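These are my notebook entries on what I looked up in one structure, written down in the order in which I went through it.

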Amino acid sequence: MAPSTSRLKILMCTSEAVPYAKTGGLADAVSALALALAKLGHEVRIIMPRYYGVNREKLEKLEGALGVPMGGGEQWSAVYAAKMPAKSGASRGNPVQVYFIDHEGFFGRDGIYGNAFEPDFLDNSRRFAFFCRSCFQLCRKIDWYPDVMHAHDWPAALVPVFLKYGERRGISSETGSFADTVSILTIHNLGYQGIYGKDNFSFTSLGWDVFYQAGLDDWNMMNLLKGGINCAGKINTVSPNYARETLSPGHGFRLDGALRYRGSDYSGILNGIDTATWNPRRDPYLPAPYAADDMAGKAKAKEALQRKFGLREDPEVPVIGMICRLTEQKGIGELFGPAYGSAWSICRDMNLQFAFLGSGETWAEHEIRSLSSRLPNFKAHIGYSEELSHLIEGGADFFLMPSRYEPCGLNQMYSLAYGTLPIVRNTGGLADTVQNYNQDTGEGTGFLFDDLSPGSIYNTVGWAVWAWYNRKSDIEAMRIRGMKKNFSWHKSALEYQSLYKSALNP
Ligand code: ADP
């Protein structure tokens, strides 16, 4: 019998969640969604690995070890627990319990998916297969069986596979309590699928019939995300436009066919933003608070940003901000590619300033350092900094995201909330969240371009700078319009609630 959907038991299965482990937007999304669902009255728990970076001293150790049948034997781990710290306002919801699977052999090392010497750990498929299986064993251990197992991205994609072919089907004598459990798979980035040698599959202890029935086969390799897509009750990604785009070969990363096959179960739900952390009214990283009806603080943030980055302190010159992982996905070739990227000519030809924060591919870091040394109006911090990211969002006038693809994107929404106008490629979640400037009517919240080319980026930045100097009132109106948008997780959580309901009551 389907459970009552008024108060669901939801288990988030994830490799990342703030404040414990983060490499990108996934970590923000999982925690914020969990808190927002808890606020709607659901009982939400999170399960994730305990990496070296997660301090055990702050966690509570559960009694006894967790045995997970795998690889023809049993893997043992400890389990730790903590209550997810709730942001202001979120405390009214149920507390979110987080469990950490502490397996020394698999997770007792630096790095979540890899390190500088081994960017993708060779045993990743085993590490995360073990993690997925331990989600079920943990439920048994604590005698708590979820209505919904919500798996995030390829590291958790075997959860739907285990559920469908084993845990729910009742192969093991212990099963039965997952009989009414449904699985949801959220794809935060289709570019990462977890493709490994198929010999690793034997470690799951599932039969080879399952390997083919679950569609894990991928040109004689094992594709974890593909298995999750085939087996999950419902699948979604993090914006409606990205859901549409991924159904075609151009954005489907070879899984467009698998997604089309699940078409009626596949949808897009826009991520929200953490409005407690990203709010210019109460952002501790900004020199002064500000809001749509009192923008004085934004000028102070701009001044602080210019000072911090060593740019000339000048309120009149527009500042373009950018924060990103330096990967091909973010359009860095077209922007920073040596000799052909447009960053150099943008800064040389236009009366603007550029503040960059990020790290990633070595060639790009070199190029960015080189631009910093050659251009007085281009300054960069290579590295990761919460503080600087807030200062850029608050202090910049424009925010550049020339992404090749962008499942949702957070920074453009932070920018809108901070009255910083996004200049973005018309793709994925960027297209869902930013409305293009119409210079006849003054409408819009940012500047969009279709082609990913150095010329398009150059021209669109040029257009935004032209508007800055020539259409001041449009710029001010666009800022206010952006700041009034509602990107709260509450809205997204209501949509996830509907998705859960439709999976539970097909
Ligand atoms: P992705 O998940 O593809 O990296 P998103 O825009 O969805 O891109 O989310 C990235 C998140 O990581 C944002 O919260 C962004 O501010 C943050 N971030 C990325 N690079 C840095 C950095 N160098 N310093 C601080 N925050 C960063």
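I began with Cys231, which counts as buried because its relative accessibility is 7%; buried here means under 20% relative accessible area, exposed over 50% and partly exposed in between, with a 1.4 Å probe and protein chains only. Cys231 lies in helix 6, residues 224-231, where helices (H or I, at least four residues) and strands (E, at least two) are DSSP runs numbered from the N terminus. I also looked up its distance to Met149: Cys231 and Met149 are 82 residues apart in sequence, and their C-alpha atoms are 12 Å apart in space.

A note on the source: this is a predicted model, in which local features need pLDDT of at least 70 and side-chain atom pairs count only at pLDDT 80 or more, while totals for chains, interfaces and linings use all residues. Residues are numbered from 1 along each chain as its sequence is written, and side-chain values use heavy atoms, with hydrogens and water left out.

Next, the cysteines. A disulfide is a covalent bond between the sulfur atoms of two cysteines, and I took as one any pair of cysteine sulfur atoms within 2.5 Å. Cys135 is in no disulfide, the nearest cysteine sulfur being that of Cys13 at 3.8 Å, and Cys135 is buried, since its relative accessibility is 0%. For Cys139 the closest cysteine sulfur is in Cys135, and at 7.3 Å from the sulfur of Cys139 it is too far for a bond. Cys139 is likewise classed as buried because its relative accessible area is 1%.

I then turned to the ligand. Which of the 17 residues around the ligand come nearest? They are Gly25, Arg325, Lys330, Gly383 and Leu410, a residue being near a molecule if one of its heavy atoms lies within 4 Å of it. For polar contacts I used pairs of N or O atoms within 3.5 Å; within protein, one must be able to donate a hydrogen and the other to accept it, and residues adjacent in sequence count only if both atoms are side-chain atoms. An N or O atom in the side chain of Lys330 is 2.8 Å from an oxygen atom of the ligand. On the backbone side, a polar atom of Gly383 is 2.8 Å from a nitrogen atom of the ligand, and a polar backbone atom of Ser385 is 3.1 Å from a ligand nitrogen atom. The ligand taken alone exposes 560 Å², of which the protein buries 91%, with areas from the Shrake-Rupley method and a 1.4 Å probe; for residues, only the protein chains shown count as cover.

Which elements each supply at least two residues of the shell around the ligand? I listed helix 1 (25-39), strand 14 (319-326), strand 15 (353-360) and helix 15 (411-417). By class, the shell has 5 nonpolar, 8 polar and 4 charged residues, where Ala, Val, Leu, Ile, Met, Phe, Trp, Tyr, Cys and Pro count as nonpolar, Asp, Glu, Lys and Arg as charged, and the others, Gly among them, as polar. Why does the ligand lie between domain 1 and domain 2? Domain 1 (9-272) and domain 2 (296-483) both give residues to its shell, so the ligand lies between them; the domain bounds come from an automatic or database domain assignment.

In helix 15 I also looked up Leu416, which is buried because its relative accessibility is 2%.

My next entry concerns the backbone. Most residues other than glycine have a negative phi, and most peptide bonds are trans. The peptide bond from Val18 to Pro19 is cis, with omega near 5°, and Pro19 lies in the loop between strand 1 (9-13) and helix 1. Asp153, not a glycine, has a positive phi of about 60°; Asp153 is placed in the loop between strand 7 (148-152) and helix 4 (158-167), and is buried, as its relative accessible area is 9%. Arg254, also not a glycine, has a positive phi of about 70° and sits in the loop between helix 8 (249-252) and helix 9 (256-261).

Last, I looked up His42, found in the loop between helix 1 and strand 2 (43-49). His42 is buried, because its relative accessible area is 0%, and its C-alpha atom is 4.7 Å from that of Arg7, 35 residues away along the chain.
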